[in-house]
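The stops below are given in the order to select them.

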Amino acid sequence: MLLNVQGQEAYCYTGGKPFNPELPTVVFIHGAQNDHSVWILQTRYFAHHGFGVLAVDLPGHGRSKGAPLPSVEAMSDWLLALLDAAGVQKASLVGHSMGSLIALESAFRAPERISRLALVGTAYPMRVSDALLDASKNQEQVAIDMVNIWSHTSIAQKPSCPGPGFYVMNGSQRLMQHIARKNPAQVFYTDFSACNAYANGEAAAHSVACPTLLLLGKRDMMTPPKATATLTKAIAGCQVVQIDNCGHSLMAEQPDAVLDALYDFMRR
């Protein structure tokens, strides 16, 4: 589905069914140097089981036009404008990594519009090392390789991946390379800089009043579970679920476990 958001064309994947704003809406927000495709399994299931689905491509990512936005706050404003364009008054948000910060900030800015929050592979603060920031700016393929290695556990390596002929790490690498080729702007560096600079997470977490799930990979090296301490202390009554044999790329490494956790949380 294509929408006009802040004067630019924005793409949302709707899970293989026409979007119906009368259904409970769940918005899926991808992370840095990714697009809506990281949510394919989860979004298709939700769309065929009673939910309206919007899996966004952030500006400069995937099929959405425009330059990548420079801050989490700007991405949150864009997301809320997208809800307006889609005719959605209230929605549940599911965000992965950078997307989790966007979801958190959106709940801070418009609490009356957010029904539930699911923060996947999250952390606050979401610091990015100087070495990785520099690589994303000056040696993008090196940054892609670094993130790809750190985001996966051994289950993703050939031949241990359970899907014959399917290579999880290679799929992730190709997606990041595709984003880099499609947009000449420094998308990776812009995304990482936004994560690194975001400073409102603790205040936003204290303000959260809706049911909240933190869905984490036990072996995540990018946003390790211990890095959620600020969020778990600040968000009253939040539920924490950790998935075994799983790193930062939760949706690719343990797609069924991620789907089960999200669907159980959203349908309650």
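Start with the charged pairs: the count comes to 5 salt bridges, a salt bridge being a side-chain nitrogen of Lys or Arg within 4 Å of a carboxyl oxygen of Asp or Glu. This is a predicted model, in which local features need pLDDT of at least 70, side-chain atom pairs count only at pLDDT 80 or more, and totals for chains, interfaces and linings use all residues. Residues are numbered from 1 along each chain as its sequence is written, and side-chain values use heavy atoms, with hydrogens and water left out.

Select Arg113 and Asp84. Their closest N and O atoms are 2.8 Å apart, in a salt bridge. Arg113 lies in the loop between helix 3 (98-109) and strand 6 (114-120), while Asp84 belongs to helix 2, 29 residues apart; helices (H or I, at least four residues) and strands (E, at least two) are DSSP runs, numbered from the N terminus. Arg113 is buried at 11% relative accessible area (buried is under 20%, exposed over 50%, partly exposed in between; 1.4 Å probe, protein chains only).

Next, select Asp244 and Lys218, another salt bridge, with closest N and O atoms 2.8 Å apart. Asp244 sits in the loop between strand 8 and helix 10 (250-253), and Lys218 in the loop between strand 7 (212-217) and helix 9 (229-234). Asp244 is partly exposed at 45%, and Lys218 is partly exposed at 43%.

Move to Asp264 and Arg268, whose side chains form a salt bridge at 3.2 Å, N to O. Here Arg268 counts as exposed, at 51% relative accessibility.

Finish with Asp77, Glu105 and Arg109, which are linked in a network of salt bridges.
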